[in-house]
Structures are given as structure tokens and as C-alpha cells.
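My entries follow in the order in which I looked.

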Amino acid sequence: IGGGGEKKTLKMVAEHATIWHYFYNPEQADTWFHKLSVLNEWCDKVGRDRSEIEVSVGIDAFDEDHANKLVEAGVTEFTIGINGPEYDLSVTDPWLAWRDSLKE
């Protein structure tokens with residue numbers, strides 16, 4: 001389930017979802033972390049272990065500090081918007097190098 005509505009959407013995520021997806025903007029990082037805390041609160045209220053819900057973020061530019069903070073917060077999936085018509089996949093290179101460095 002994707003979205004950040006605090007009264008309905010995040011409650012539905014807590015009750016039903018296996019994955020929660022929300023877009024991350026480094027300039028509004030506080031908003032994303034707030035939404036995660038609201039999801040945690042809903043999980044507590046409905047009696048669900050938040051670790052049962054995978055966290056996915058849509059993100060554009062690579063920023064290692066933000067990527068590390070998101071992983072520390074429990075993000076396990078990153079989606080990167082790539083638009084055509086050229087579909088320049090080189091924007092994935094720093095993400096892949098970072099991901100591979102975590103395995104070392």
C-alpha cells in the first residue's frame with residue numbers, strides 16, 4: 001500500500017499491508033520520518049509487529065547520508081524514477097555501488 005494519509009492509509013497499512021511505499025524527498029526528510037512514526041503508532045494500536053511490514057521508498061537523487069539513515073530506519077527497498085525517452089540508467093550506478101558496499 002502506498003501513501004501517507006495518517007488517519008486512513010497508514011491505518012490500512014498497519015492492518016493489511018506487507019509493504020508500505022512512500023516517496024522520500026531529502027528536503028522534507030522530517031515528513032517521511034514522521035509518517036513512519038505514525039505507521040509505528042498504528043501498528044501498536046492494531047496489535048501488529050511493524051517489522052512484518054517491508055518499507056519501500058521512492059527516491060530520485062543519490063545521497064549516501066540519506067540512504068544510510070533510511071536503511072537504519074528500516075527501509076529495505078528503494079525505487080528510482082527513470083523517465084524516457086532515453087531512460088538513462090546511469091543514475092542507478094551510485095545506488096548500486098552503495099548497495100554493494102553494504103555487503104562487504
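I began with Glu6, which is partly exposed at a relative accessible area of 31%; here buried means under 20% relative accessible area, exposed over 50%, and partly exposed in between, with a 1.4 Å probe and protein chains only. I note that this is a predicted model, in which local features need pLDDT of at least 70 and side-chain atom pairs count only at pLDDT 80 or more, while totals for chains, interfaces and linings use all residues. Residues are numbered from 1 along each chain as its sequence is written, and side-chain values use heavy atoms, with hydrogens and water left out.

I then found that the side chain of Glu6 meets that of Lys35 in a salt bridge, at 3.1 Å from N to O (a side-chain nitrogen of Lys or Arg within 4 Å of a carboxyl oxygen of Asp or Glu). Glu6 lies in the segment before α1 and Lys35 in helix α2, so the pair ties together parts that are 29 residues apart in sequence. Lys35 is buried, with a relative accessible area of 12%.

I counted three salt bridges in the structure. Another joins Arg48 to Glu52, with the closest N and O atoms 3.0 Å apart; Arg48 is buried at 17%, whereas Glu52 is partly exposed at 48%.

Notes. Helix = DSSP H or I, 4+ residues; strand = E, 2+ residues; numbered from the N terminus.
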